[in-house]
Amino acid sequence: MGTAVDDAAAAEFHAFFEAHYAELARLAHLLTGEADAADDLAADALLALWHRWDRVREAGNPVAYARGVVANLARTRIRSAVRERRRIALFWAPRGGGDDGAAEGPDVPAVVDVREALRRLPFRKRACVVLRHAFDLSERDTSLVLGISVGTVKSQTSRAVAELQRLLGPETPAARVRLAVAAQRGGGER
């Protein structure tokens, strides 16, 4: 049987879950680019929070902690996928070591879709630009979520916007890139 304290903690966590699950799933989707994985990552993050809920709720900002857990889970998922792709590429690579241009990137003339462009960014740049512009976090809050310095957030966000601008085409000003990323805040289709 649960105690009054256990019931109160469960109710508090349930309210936290209801209030933040969709936001965490959107964050996971924007960080990984995988709509199917977003719900799983958000659920895994919330499960991890539930196991430590007594400590998390006393820490002061459970939402920032939850975003950090999602970011770490997304980073792990991306690294795992990259390793798997490398293994597959090695398995299917032609024998003999000839230079067949395999080192080149994809032959895509322009990237129009913001989500596709975000997928092409390295994780830290993607996380910084998503948290800053899609989730409207301050530089300080972004640094807390990712466990990096405010200066790193500033430089990574600036570089990410410049890279998105390059990926989306030279006629796309930085302000439009920021607006396009911010448009992801509403969730839209996941």
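A residue is called buried under 20% relative accessible area, exposed over 50% and partly exposed in between, computed with a 1.4 Å probe on protein chains only. At 8% relative accessibility, Ser 143 therefore counts as buried. Across the protein, buried residues make up 39% of the 190 residues.

The model is predicted: local features need pLDDT of at least 70, side-chain atom pairs count only at pLDDT 80 or more, and totals for chains, interfaces and linings use all residues. Residues are numbered from 1 along each chain as its sequence is written, and side-chain values use heavy atoms, with hydrogens and water left out.

**Fold**
- The protein has nine helices and zero strands, where helices (H or I, at least four residues) and strands (E, at least two) are DSSP runs numbered from the N terminus.
- Among contacts (heavy atoms within 4.5 Å) with a separation of 6 or more, 68% join residues 24 or more positions apart.

**Ser 143**
- Ser 143 belongs to helix 7, and its side chain reaches the backbone oxygen of Arg 140 at 2.6 Å.
- Not counting residues up to four places away in sequence, Ser 143 touches Ile 148, Ser 149, Val 150 and Val 153.

**Nonpolar core**
- A nonpolar core is a set of buried Ala, Val, Leu, Ile, Met, Phe, Trp, Tyr and Cys residues joined through side-chain atoms within 4.5 Å.
- The largest one has 49 residues, of which Leu 31, Leu 49, Leu 118, Val 129, Val 130 and Leu 146 touch the most other members.
- Elements giving two or more residues to this core include helix 2 (35-51), helix 5 (114-120) and helix 8 (150-168).
- Helix 1 gives the most to this core, with nine residues.
- Leaving aside neighbours within four places in sequence, Leu 31 is in contact with Ala 71, Ala 74, Ile 78, Phe 123, Arg 126, Ala 127 and Val 130.

**Largest pocket**
- The largest pocket holds about 260 Å³ of space; on a 1 Å grid over the protein atoms alone, a pocket is an open set of points where a 1.4 Å probe fits, with protein on both sides within 12 Å along at least five of seven lines.
- Its lining (residues with an atom within 4 Å of a point) has 15 residues, and Ile 78, Val 82, Arg 85, Arg 119 and Arg 126 are the closest to the centre.
- Helix 4 (62-92) and helix 6 (123-134) each give two or more residues to the lining, and helix 4 gives the most, with seven.
- By type, the lining residues are six nonpolar, one polar and eight charged (Asp, Glu, Lys and Arg).

Notes
Points joined across faces, edges and corners; volume = space filled by probe spheres on them. Polar contact = N/O pair within 3.5 Å; in protein donor to acceptor, adjacent residues only side chain to side chain.
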